[in-house]
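Welcome! Let's take a walk through this structure together, one region at a time.

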Amino acid sequence: MSAKPLRVLIAEDEKLSRQRLEDLLAHENGVEIVGTADNGLTAVEAIRELKPDLVFLDIQMPGKTGLDVVREIGVDDMPPVIFTTAYDYAVAAFDLAALDYLVKPFDDERFEKAFRRARKMIELNQVSRLSDELRTLLGGSEPKPASKTQYLERIAVEMRGQVRVVPVKQIDYMIASGPYAELFVADKRYLIRERMQTLEDRLDPGKFFRIHRSAIVRLDLIETLIRNPGGDYAVVLKGGQKLKVSRSRFEKLEELMGLHI
């Protein structure tokens, strides 16, 4: 009599990442992908309805975050989880609270290691011991950067059907574009689905500053601060770009730059 297949649910809002997991799992023996979800709300519904053996769960999704999903399902009722994230500072906090984690973009070897570890623990019924760690994590808030080494160092972006990594230190500035953020890197531009508030929270405040509700700039690229008589404020970057600065943030920016006009 053959063993029952491992029933897997993929909860991932990025289509490319979702398809990559599906492709990798298709090469594993004894695996059945029972469903996919592209936001936190449908992830909750799918987990309750399908009762998978294992969930690949994106930490940052629209509707509900990965932690929100676990909170709503309940730690004791939550299937074993492999968290996925584009933010490597979060890894340490989730390490003990999940079977494993994958920082996007991940290679085949890293996936294989995480998946085999998860499968082995599920087969040996060693998952329950993770509940206390997960409950502890949920009892607090989502991980916030506490030191310089924990700030966002890279961002995974999709471009022409491929995932590439953009080092944060190379980003000149960011502009809000609806539910997205545009990253400007020299003469290139990348689009990611992320809120400015989230980016502001995850960037090193010693290197980046939110000059306007819709703009974040790298401080060392600011060449000139402009205070017009009419009350308009702006910055000019070393590359010549001129960006508006909100009145409420201008004085703080002057302070950061050590400038007084």
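Which strands does helix H8 lie across, and at about what angle does it run to S13? Keep in mind as you look that this is a predicted model. Helix H8, made of residues 247-257, lies across S13, S14 and S15, and its direction is at about 135° to that of S13.

Those strands are worth a visit of their own. Together they form an open sheet of 3 strands, in the order S13-S14-S15, and the pairing is antiparallel. At the edges you will find strand S13 (222-227) and strand S15 (242-245), each of which pairs on one side only. As you step from one strand to the next, the twist averages 25°. Now look at strand S14, residues 233-237: its antiparallel pairing with S15 runs over 4 bridges. To see how residues face each other here, find valine 236, which stands opposite lysine 242 in S15.

Next, let's turn to the largest pocket. It holds about 610 Å³ of space. There are 28 residues in its lining, and those closest to the centre of the pocket are Asp13, Glu14, Ile192, Arg193 and Glu194.

What kinds of residues make up the lining of the largest pocket? They divide into 14 nonpolar, 5 polar and 9 charged residues.

Technical notes. Residues numbered from 1 in each chain as written. Predicted model: local features only at pLDDT ≥ 70, side-chain atom pairs only at ≥ 80, totals over all residues. Heavy atoms only, no water. 1 Å grid on protein atoms, 1.4 Å probe; cavity = no way out; pocket = protein on both sides within 12 Å on 5 of 7 lines; lining within 4 Å. Points joined across faces, edges and corners; volume = space filled by probe spheres on them. Nonpolar A, V, L, I, M, F, W, Y, C, P; charged D, E, K, R; others polar. Pairing = 2+ DSSP bridges. Helix = DSSP H or I, 4+ residues; strand = E, 2+ residues; numbered from the N terminus. Axes fitted to C-alpha atoms, helices over the stretch in contact; angles between N-to-C directions. Contact = heavy atoms within 4.5 Å.
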